[in-house]
Amino acid sequence: MLLGRIVGNVVSTRKDDKLVGYKLLIVQQIDFKCNPIRYPMVAVDTVGAGVGEYVLLSTGSSARYSSGEKKESPVDLSIVGIIDNIEYDRNLDKEMGDSNENLYKDRG
């Protein structure tokens with residue numbers, strides 16, 4: 001799973017029949033400190049998230065299954081949870097130093 005923040009909505013009046021009825025949202029992937037990483041993506045909302053909320057994201061075949069669709073569904077990113085709180089050990093962050101930056105670097 002990935003972390004993200006909802007930054008916008010997508011309105012599509014014409015789309016694949018398997019996407020009819022789903023809300024599409026623009027999600028910015030974030031690291032555990034809530035810093036934006038990579039680029040914004042479009043995700044199918046399965047939990048009723050809204051702009052400004054932090055969310056859990058599912059990708060690939062897991063995203064298709066969480067949306068309740070079959071393997072043939074064109075879904076590759078789903079919002080599967082709304083985050084209430086993110087906690088991490090700041091002491092571990094200091095110990096890791098700059099190695100944390102490499103953890104979230106775009107490798108593709």
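This is a predicted model: local features need pLDDT of at least 70, side-chain atom pairs count only at pLDDT 80 or more; totals for chains, interfaces and linings use all residues.
**Overall fold.** I began with the secondary structure and counted three helices and five strands in the protein. Reading along the sequence, I noted the order β-β-β-β-α-β-α-α. I then looked at burial and surface: of the 108 residues, 31% count as buried, and the accessible surface comes to about 7,100 Å², of which carbon and sulfur atoms hold 48%. For the contacts with a separation of 6 or more, I found that 54% are accounted for by residues 24 or more positions apart.

**Q29.** I looked up this residue next and placed Q29 in strand β2, which covers residues 23-30.

**L19.** I located L19 in the loop between β1, residues 2-10, and β2. The relative accessibility of L19 is 13%, and because this falls under the 20% cut-off I recorded L19 as buried too. Which residues does L19 touch, not counting those up to four places away in sequence? I noted V44, P74 and V75. For the pair L19 and V44, which stand 25 residues apart along the chain, I also took down the separation of the C-alpha atoms, which is 8.4 Å.

Technical notes: Residues are numbered from 1 along each chain as its sequence is written. Side-chain values use heavy atoms; hydrogens and water are left out. Helices (H or I, at least four residues) and strands (E, at least two) are DSSP runs, numbered from the N terminus. Buried means under 20% relative accessible area, exposed over 50%, partly exposed in between (1.4 Å probe, protein chains only). Contact means heavy atoms within 4.5 Å. Accessible areas come from the Shrake-Rupley method with a 1.4 Å probe; for residues, only the protein chains shown count as cover.
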